[in-house]
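Hi,

Here is the structure I promised to pass on. Have a look at it first, and then read my notes below.

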Amino acid sequence: MNILRFITAGSVDDGKSTLIGRLLYDSKSILADQLEALEQQSKNKNEDGIDLAILTDGLRAEREQGITIDVAYRYFATPKRKFIIADAPGHTQYTRNMITGASNSQLIVILVDARNGITEQTRRHSIIASLLNIPEVVVAVNKMDLVGYSEETFNSIKNEYQQIATHLGLKSVHYFPISAFVGDNIVNTTQAMAWYKGKSLLDFLETVEINPHSYTQPRFQVQYVIRPQTEALHDYRGYAGEIISGTYRKGDAIVVLPEGISTTISKIEHNGKEVSEAKAGTPVVIHIDDDIDISRGDYLVSEATQPVQNQEVEAIVCWMDKRSLSEGNKYLLQQRSRLVRVIVKEIIYKIDVNTLQQQDEAESIKLNEIAKIRLKAAAPLVYDPFAENPPMGSAILIDETSNATVGALMLQ
């Protein structure tokens with residue numbers, strides 16, 4: 001079975017943790033001892049006598065306050081598919097946690113409280129979904145039981161969100177009226193909303209088609225140079241890593257970047273055995289014909305379709321540090337195994353999450369804000385624009401003094 005990674009997002013108290021708890025409970029993915037502990041800890045009991053949100057709120061502070069602080073991951077499976085769910089915090093101050101959970105997600109479920117409609121956090125999380133190129137967006141209008149299962153309320157929220165989706169370029173958006181607390185339209189459809197003729201949420205999650213390796217440009221970054229230097233393997237030199245995108249075959253003409261030296265693949269190994277080709281997501285050891293000085297962080301790419309090489313780049317940044325980003329600040333930029341020093345040359349604009357408009361005059365970028373910046377690197381950066389190949393266009397900024405991750409980058 002394949003695996004679907006998805007994240008739940010939304011404002012505070014929209015019911016994200018309850019939704020995940022309901023999926024686990026109704027799909028019978030909770031063990032008997034977990035269920036017993038759940039019944040004892042439950043304060044806000046539903047008709048089943050349990051508080052489903054407790055299943056994901058693992059930190060003690062989360063259980064005491066009834067909020068989600070850290071990203072909690074839960075795993076479950078149905079006969080059709082396996083799932084990895086990230087439960088993201090709804091508070092604005094924890095937006096950076098949400099970005100972390102969303103960065104590896106193939107689908108996002110944005111919850112909207114039927115009583116409150118579209119909020120600032122709905123817009124913020126939608127912007128992040130757009131920036132991260134998450135292919136599938138689900139808008140789950142929750143707490144329909146508290147608005148009398150009103151079709152008019154659902155349609156009003158749907159129409160308002162469609163304008164946001166159009167503005168952000170979200171192409172594949174799906175709408176579900178649900179009640180996570182009661183269980184309506186989560187695992188099974190409900191008669192309470194006879195006007196809704198679509199699938200249940202779980203049925204959709206089981207059947208939605210997502211190809212995580214749809215980017216065709218052959219891209220590979222060296223994570224480790226294997227040079228045993230033993231008597232039996234005195235000539236062995238292989239370059240280990242995971243294929244980022246595309247397909248590699250024995251005999252392919254490739255270029256080593258950033259050096260720009262051309263060579264040919266002589267052998268590909270996977271699990272200790274030689275193979276004729278390997279595709280994206282596969283860990284391999286690549287051997288080449290020529291004796292070239294190749295180090296950790298270098299790229300082996302197709303000679304025919306080479307990525308961009310620049311020392312000055314523009315990027316969208318989601319800022320994740322309490323200290324602001326300003327022009328002239330210096331950081332380390334990390335792309336997987338490659339680390340390069342950069343300086344912020346310009347803040348081009350900041351995005352207003354309420355109006356979705358660009359603010360051209362911005363002196364600094366504060367915690368949880370999103371902006372477009374220009375960086376200058378100490379050495380050439382090798383990348384594809386994020387919109388064309390997200391695995392090759394993503395990076396992080398690291399504070400040199402604290403070694404903390406302070407920004408998530410999408411290279412343009």
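Arg-124 is buried, at 7% relative accessibility, because the cut-off for buried is under 20%. Keep in mind that this is a predicted model. The side chain of Arg-124 meets that of Glu-120 in a salt bridge, with 3.0 Å from N to O. Is Glu-120 buried, exposed or something in between? Its relative accessibility is 34%, so Glu-120 counts as partly exposed.

Both residues sit in helix 5 (residues 120-131), four residues apart, which is about one turn of the helix. There's a handy rule behind that: an α-helix has 3.6 residues a turn, so residues three or four places apart point the same way.

While you're looking at helix 5, check its length. Its 12 residues should span 16 Å at 1.5 Å a residue, and the end C-alpha atoms are 17 Å apart, so the two agree. How many of its residues are buried? The count is 11 of 12, so helix 5 is mostly covered. Among the buried ones are His-125, Ile-127, Ile-128 and Leu-131. Just after the helix, Asn-133 has a positive phi of about 55°.

Now for the other salt bridges; the count comes to 16. One of them joins the side chains of Asp-384 and Arg-219, at 2.8 Å from N to O. Asp-384 is in the loop between strand 23 (370-383) and helix 8 (390-393), while Arg-219 belongs to strand 7 (residues 219-221), so this pair ties together parts that are 165 residues apart in sequence. Asp-384 and Arg-219 are both buried.

Another salt bridge links Glu-269 with Lys-267, and here the closest N and O atoms are 4.0 Å apart. Glu-269 is buried, with a relative accessible area of 14%, whereas Lys-267 counts as partly exposed at 24%.

There is also a network of salt bridges, which links Glu-314, Glu-346, Lys-372 and Arg-374. Two of these residues turn up again when you look at strand pairing: Glu-314 stands opposite Arg-374 in strand 23.

Where would you expect a lysine, buried or exposed? This one, Lys-350, is buried, with a relative accessible area of 13%. Its side chain makes a polar contact with the side chain of Glu-369, at 3.4 Å. Leaving aside neighbours within four places in sequence, Lys-350 is in contact with several residues, including Gln-357, Ala-362, Ile-365 and Ile-370.

Last, the nonpolar cores. Which residues touch the most other members of the largest one? In that core of 72 residues, the answer is Phe-6, Leu-107, Ile-108, Tyr-161 and Leu-205. Click on Leu-107 and, beyond its neighbours within four places in sequence, you'll find contacts with Leu-4, Phe-6, Ile-134, Val-138 and Leu-205, among others. A second, separate core has 24 residues, including Val-340, Val-344, Ala-362 and Val-406. Ala-362 is also one of the residues in contact with Lys-350.

Cheers

Definitions and conventions:
Residues numbered from 1 in each chain as written. Predicted model: local features only at pLDDT ≥ 70, side-chain atom pairs only at ≥ 80, totals over all residues. Heavy atoms only, no water. Buried < 20%, exposed > 50% of the residue type's maximum accessible area, 1.4 Å probe, protein only. Polar contact = N/O pair within 3.5 Å; in protein donor to acceptor, adjacent residues only side chain to side chain. Contact = heavy atoms within 4.5 Å. Helix = DSSP H or I, 4+ residues; strand = E, 2+ residues; numbered from the N terminus. Core = buried A, V, L, I, M, F, W, Y, C linked by side-chain atoms within 4.5 Å. Expected span 1.5 Å × (residues − 1). Pairing = 2+ DSSP bridges.
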